[in-house]
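Morning, everyone. I have one chain to walk you through today. Take a look at the screen, and then we start.

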Amino acid sequence: NEEINIFPAQFSLEQNYPNPFNPSTKISFSIPNVGSGLALTVLKVYDILGNEIATLVNEEKPSGVYEVEFNASQISSGIYFYKLQAGEFSETMKMTILK
């Protein structure tokens with residue numbers, strides 16, 4: 001018998017889809033088993049000047065693959081960044097809103 005690991009092996013933050021987008025996009029990320037069972041996970045959106053625009057996730061999450069929808073209907077066109085912090089992992093990606 002082989003044990004199949006259905007949990008991600010490492011942290012990852014995927015490129016949002018679609019990109020560019022109007023008015024909403026999806027952001028996917030993965031959290032591996034961090035030993036304690038839960039990882040404090042924070043996903044935020046920032047403008048080009050580094051101002052926080054939105055907090056999409058701010059909670060402890062178990063190991064798994066997640067997808068969050070970001071609705072930017074109240075935000076102007078431009079380049080924005082989204083940053084995932086989970087445990088000791090931190091990664092930032094760029095996205096574009098076209099209206």
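Of the 99 residues in the protein chain, 35% are buried. Buried here means under 20% relative accessible area, with exposed over 50% and partly exposed in between, using a 1.4 Å probe and protein chains only. Now the ground rules. This is a predicted model, where local features need pLDDT of at least 70 and side-chain atom pairs count only at pLDDT 80 or more, while totals for chains, interfaces and linings use all residues. Residues are numbered from 1 along each chain as its sequence is written, and side-chain values use heavy atoms, with hydrogens and water left out.

Next, the overall build. The protein chain has seven strands and zero helices. From the N terminus, the elements read β-β-β-β-β-β-β. Both kinds of element are DSSP runs, numbered from the N terminus: helices are H or I with at least four residues, strands are E with at least two. The C-alpha atoms fill a box of roughly 55 × 25 × 15 Å along the principal axes.

How much of the contact set with a separation of 6 or more comes from residues 24 or more positions apart? The share is 56%. A contact means heavy atoms within 4.5 Å.

Now the surface. The accessible surface of the protein chain is about 6,200 Å². Carbon and sulfur atoms hold 48% of that surface. The areas come from the Shrake-Rupley method with a 1.4 Å probe.

Four strands form an open sheet in the order β4-β3-β6-β7, with antiparallel pairing. Strands β4 (52-62) and β7 (89-97) stand at the edges with a single partner strand each, so one side of each has no neighbour in the sheet. Neighbouring strands are turned by 15 degrees against each other on average, direction ignored. Pairing requires at least two DSSP bridges between two strands.

Look at β3. Strand β3 (residues 38-46) pairs antiparallel with β6 (residues 78-86) over six bridges. On the other pairing, nine bridges join β3 to β4, again antiparallel. L43 has L84 as its bridge partner in β6, and L43 also stands opposite V57 in β4. V45 has Y82 as its bridge partner in β6. A39 stands opposite K61 in β4.

Last, the backbone. Most residues other than glycine have a negative phi, and most peptide bonds are trans. In the β3 and β4 hairpin, with five residues between the strands, G50 takes a positive phi near 90 degrees. Where do we find cis peptide bonds? One joins N19 and P20, with omega about 5 degrees. Another runs from N22 to P23, with omega near -5 degrees. P20 sits in the loop between β1 (12-13) and β2 (24-31), and P23 lies in the loop between β1 and β2.

Key
Axes fitted to C-alpha atoms, helices over the stretch in contact; angles between N-to-C directions.
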